[in-house]
Amino acid sequence: MGSSLSVEAQLAAALTHSSVPSNVDIHCLICHAFGTVKADRLMTLLLMLQSAKRRTARELAEALEVSQRTIYRDVDALAIAGVPVHADRGPDGGISLADGYRRALTHFADEEIRALFVSNSAILADLGLSSGLNRALDKLRGALSDVQRRAAEKTRGRIHIDQRRWNQTNPSVERLSLLHRAVWDDRRLELHYEDRKRAVTARAVDPFGLVSKAGVWYLVARTPDGFRSFRVDRIRDVAERSERFERPLDFDLDAHWRATTSQVEEHRPDAFSATIQATPDAIDDVCAYWPTERVREDDPLTIRIRFSSKDSAVHHIMSWGASVRVLEPLDLCASVVERARDLLLLYGG
């Protein structure tokens, strides 16, 4: 822990806002005092009480999957440790923290600080929220100790996440801001959308959420035919309607997107693998999109690529031209030759 104080003394100091070394983690202290399993439950209990003015024992018990008697025992344990927690009985009763108690949320572990301050503002900038992020992080820095603040700045200076592929165009901030506002306000939209066949149709949709996947934004919306995912870069025009829609209370965007992507994966054509040899100046481009692996550890230029289909393999190998040579399978070589002959007939005739 980096402190001469006993575990019990550090825990009491942390939980009662007394002086405590800045590198002491409250979760670590609770683990020492109560054991890992119970500590995790107590930390979750603290955070749940922090997020609401008052919660019932039944509500907490159901969320933590324990009995109400266990909840009351945990509340007693926290109170003994110095947490200003109160349990009031009766029809209007419940469990609550004392007003102004914030220690449980502001005492971050090092890995929690690194997770918060990793440089990755591009997605929020797409939505027009980058200034809000910067203000929020500035406020958070003010609540950190000097040691934690230095760790935050070190993280932002050493790790940056860029989800966009090379040569990918930036999305329209104005359009994404409009969609974000409609999602937030549950406002119905009128879209003019271009499908894969370049046909543009007008659609009335209920916007439920926005998802960014590999730098590509999707609007998850309810239509008369059910939920659909619309690529934002294919939306040719969008307008807000005056009416609002009713959002189901049990809708979970994360769960919906996971289910959607799983269905796409299940219906995707069987993968097609090919072994190729690339030139040194082309190997980075070849490995940029599809899953690859080296055939031999001592040969970085001979790789096996897993394409989504044989047609996709032919298309990409043709686009790479003389920068790659197909080694196997032989029928892929034949398909590339056949496609090359078609191009000669088209342009050489």
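Entry 1. The largest cavity has a volume of about 50 Å³. Ten residues line this cavity, and the closest to its centre are Ala 122, Ile 123, Gln 163, Arg 164 and Gly 215. I note that the model is a predicted one. How many cavities of 30 Å³ or more does the structure hold? I found one.

Next I asked which element gives the largest share of the lining. Helix α8, residues 122-126, supplies three residues. I then sorted the lining by class. Three residues are nonpolar, four are polar and three are charged.

**Entry 2. The whole chain.** I counted 15 helices and eleven strands. The chain has 349 residues, and 34% of them are buried. I also looked up contacts with a separation of 6 or more. Of these, 57% join residues 24 or more positions apart.

**Entry 3. Helix α4.** This helix covers residues 57-64. I listed its buried residues: Ala 57, Leu 60, Ala 61 and Leu 64. Why do they sit on the same side of α4? They cover an arc of only 100° around the axis, and so they share one side of the helix. An α-helix has 3.6 residues a turn, so residues three or four places apart point the same way.

I then checked the face turned away from the buried side. Arg 58 and Glu 62 are there, and they are exposed.

**Entry 4. Other positive phi values.** I went on to Asp 186. This residue is not a glycine, yet its phi is positive, about 55°. Asp 186 sits in the loop between α11 (173-185) and β3 (187-194).

Ala 214 was my next stop. Its phi is positive too, near 55°, and Ala 214 is a residue other than glycine. Where does Ala 214 lie? I placed it in the loop between β4 (200-213) and β5. Is Ala 214 buried or partly exposed? It counts as partly exposed because its relative accessibility is 39%, and the buried class needs a value under 20%.

**Entry 5. Ser 212.** Ser 212 belongs to strand β4. Its relative accessible area is 22%, so I wrote it down as partly exposed. I left aside its neighbours within four places in sequence and looked for contacts. Ser 212 touches Ile 123, Gln 163 and Trp 217.

Ser 212 and Val 232 are 20 residues apart along the chain, and their C-alpha atoms are separated by 9.9 Å.

**Entry 6. Thr 223.** I moved to strand β5, residues 216-223, which holds Thr 223. With a relative accessible area of 15%, Thr 223 is buried. What lies 2.7 Å from a polar atom of the Thr 223 side chain? I found the backbone oxygen of Gly 226 there. Beyond its neighbours within four places in sequence, Thr 223 is in contact with Val 205, Arg 228 and Phe 230.

**Entry 7. A cis bond.** Last, I looked at a peptide bond. The one from Glu 328 to Pro 329 is cis, and its omega is near 0°. Pro 329 is in the loop between β11 (324-328) and α15 (330-348).

Technical notes
Residues numbered from 1 in each chain as written. Predicted model: local features only at pLDDT ≥ 70, side-chain atom pairs only at ≥ 80, totals over all residues. Heavy atoms only, no water. Buried < 20%, exposed > 50% of the residue type's maximum accessible area, 1.4 Å probe, protein only. Helix = DSSP H or I, 4+ residues; strand = E, 2+ residues; numbered from the N terminus. Arc of directions from axis to C-beta. 1 Å grid on protein atoms, 1.4 Å probe; cavity = no way out; pocket = protein on both sides within 12 Å on 5 of 7 lines; lining within 4 Å. Points joined across faces, edges and corners; volume = space filled by probe spheres on them. Nonpolar A, V, L, I, M, F, W, Y, C, P; charged D, E, K, R; others polar. Polar contact = N/O pair within 3.5 Å; in protein donor to acceptor, adjacent residues only side chain to side chain. Contact = heavy atoms within 4.5 Å.
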